[in-house]
Amino acid sequence: MNLPPVEDRLRRILELTAEESRKCKACGALLFFVRHCNGKLAPYTADGVNHFVNCPSAERFRKGAPHAASASA
Ligand SMILES: [Zn+2]
């Protein structure tokens, strides 16, 4: 049996599952937006990693979010 590489299969699943796909405004990576059970859209890269985790400019996504440290004060 000659299966395509796992990366190709994963990407195909993301293409079928994602509601939307576009490039990251910060780093230009191709993202697949998949809706989680909680109703929120999450950006995934073609290798199946949540882009909040692997974006080199991930700080930008948290812009405007309250700091966890100050919330406990
Ligand atoms: Zn990015």
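## Burial and surface

Of the 73 residues in the protein chain, 22% are buried, where buried means under 20% relative accessible area, exposed means over 50% and partly exposed falls in between (1.4 Å probe, protein chains only). The accessible surface comes to about 5,700 Å², and 56% of that belongs to carbon and sulfur atoms; areas come from the Shrake-Rupley method with a 1.4 Å probe, and for residues only the protein chains shown count as cover.

Residues are numbered from 1 along each chain as its sequence is written, and side-chain values use heavy atoms, with hydrogens and water left out.

The average pLDDT (the predictor's confidence in each residue, from 0 to 100) is 85, and 84% of the residues score at least 70. Watch the stretch 68–73, though: pLDDT there is below 50, and beyond near neighbours in sequence it has zero contacts in the model, a contact being heavy atoms within 4.5 Å. Where pLDDT is low, the predicted coordinates should not be read in detail.

## Strands and hairpins

The chain has three helices and three strands, running α-β-β-β-α-α from the N terminus. Helices (H or I, at least four residues) and strands (E, at least two) are DSSP runs, numbered from the N terminus; two strands pair if DSSP finds at least two bridges between them.

E1 (residues 20–23) pairs antiparallel with E2 (residues 30–35) over four bridges, with Arg22 opposite Leu31. Six residues sit between these strands, and Gly28 in that hairpin takes a positive phi near 85°. E2 also pairs antiparallel with E3 (residues 41–45), over five bridges; here Phe33 has Pro43 as its bridge partner. The E2–E3 hairpin has five residues between its strands, and Gly39 in the turn has a positive phi of about 90°.

## The zinc site

Which atoms hold the zinc ion? They are Cys24 (SG), Cys27 (SG), His51 (NE2) and Cys55 (SG), at 2.1 to 2.4 Å. Donors are N, O and S atoms within 2.8 Å of the metal (3.2 Å for Na, K and Ca); water is not among the atoms, so sites may look incomplete. The donor angles run from 99 to 121°, making the site tetrahedral, a label that requires all angles between 85 and 135 degrees for four donors.

Cys27 lies in the loop between E1 and E2 and Cys55 in the loop between helices H2 (51–54) and H3 (68–71), so the pair ties together parts 28 residues apart in sequence. Cys27 is partly exposed at 33% relative accessibility, whereas Cys55 is buried at 6%.

How values were computed: Predicted model: local features only at pLDDT ≥ 70, side-chain atom pairs only at ≥ 80, totals over all residues. Tetrahedral: all angles 85-135°; square planar, octahedral: opposite > 155°, others 65-115°.
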